[in-house]
Amino acid sequence: MGSLCGWLLPLMLALAAGAQERPSYTCWKTSQPLVIDGKADEPAWQDASPIDLVDVRYLSGDRYHTRRTEARILWDARYFYFYFAAADPDIWSTYEQRDLPLYEEEVVEIFIDPDGDGQNYAEVEINPLNTVFDLLLSKPWSQGGKGYDAWNPALLNAVQVNGTVGDAADVDQGWSAEIALPWAELVSPLVDVPGSQLLPPQPGDEWHLNLYRYEQARRSGSKNEVQASAWSPVGKVDFHVPERFGRVIFGSRLTAVAPQSWGQAKAAEKSPQP
Ligand SMILES: [Ca+2]
Ligand SMILES: [Ca+2]
Ligand SMILES: [Ca+2]
């Protein structure tokens, strides 16, 4: 009995956590076109629910890094829109050509697995120099997946830097990124990303995705201190964990609804409101 409980109970808890305890987000449809300039000053962005990224390593979903990251998501008939705002006292990046390994430096990242099968997903990264790394994957690297960086969708992307990129002598405020991914670009002969999902999605459709950030505090003469953040934490510093992606439900209109972080969802389960 003891040995049975010893492995069965943790397994059941792990299965339950994987099946249920992931954040969800209602992604509202914007009726006004967005100006992709790296700024979220459009009314649609102001009404979209903010997501606070958490430390990717802790499944509790309630550990935050000192350099905070906020994200918002919107959609319309042509585009899937993402906005990140990253607090950062020392902004730096060096890569200026598409598909260089931006993840070695400072970057925000979007992973999209529309049908949630854990395979055939898209990865889009952008750094403070407005350089893009975009890739399709057949499945996670840990499962022998193949990556196709020949996928170069016609993104609209812009960043705003409140400070200077690459100057360690001054103190920066942070940087923001605004990205519009055309739905049509998810169709590729390289990898079947949409699967059975409709493009553009229909109101009520649910997709799986995650949002990440690498923030690297530079240390002279020693290894950088890395702060890795996620919308849905995965329990380790590995972003290729599609079974942990959060759930995005497409809404039909723009409205202000309080977002629910994963930590808040857990708290609500423990103490249901009357
Ligand atoms: Ca804008
Ligand atoms: Ca930094
Ligand atoms: Ca690419």
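Predicted model: local features only at pLDDT ≥ 70, side-chain atom pairs only at ≥ 80, totals over all residues.
**Entry 1. Aromatic pairs.** I looked up the ring pairs and found a count of 19 aromatic pairs. I then took Tyr79 and Tyr81: their ring centres lie 5.7 Å apart and their planes meet at 50°, so I recorded the pair as tilted. Both Tyr79 and Tyr81 are buried.

**Entry 2. Trp183 and Phe250.** I next examined Trp183 and Phe250, whose rings form an edge-to-face pair, with 5.9 Å from centre to centre and 75° between the planes. I noted that this pair links distant parts of the chain, 67 residues apart. Trp183 belongs to the loop between β11 (174-182) and β12 (206-217), whereas Phe250 belongs to strand β14 (residues 246-250). I checked burial as well: the relative accessible area is 3% for Trp183 and 1% for Phe250.

**Entry 3. The cluster.** I found Trp183 and Phe250 again in one aromatic cluster, together with Trp75, Phe80, Phe82 and Trp207.

**Entry 4. A charge over a ring.** I located Arg63 over the face of Tyr58, at 3.9 Å from the ring centre.

**Entry 5. The calcium ion.** Which residues supply the protein donors of the calcium ion (ligand 2)? I listed Asp88, Asp90, Glu106 and Glu215, with donors lying 2.1 to 2.9 Å from the ion. Asp90 contributes through O, while Asp88 is listed with OD and both Glu106 and Glu215 with OE. I wrote the spacing of the donor residues in sequence as D-x1-D-x15-E-x108-E. Asp88 sits in the loop between β5 (79-87) and β6 (107-113) and Glu215 in strand β12, so the two tie together parts 127 residues apart in sequence. I recorded Asp88 and Glu215 as buried.

Definitions and conventions:
Residues numbered from 1 in each chain as written. Chains lettered and ligands numbered in written order. Heavy atoms only, no water. Phe/Tyr/Trp six-rings, centres within 6.5 Å; stacked < 30°, edge-to-face > 60°. Buried < 20%, exposed > 50% of the residue type's maximum accessible area, 1.4 Å probe, protein only. Helix = DSSP H or I, 4+ residues; strand = E, 2+ residues; numbered from the N terminus. Lys NZ or Arg CZ within 6 Å of the ring centre and 35° of its normal. Donors = N, O, S within 2.8 Å, 3.2 Å for Na, K, Ca; no water.
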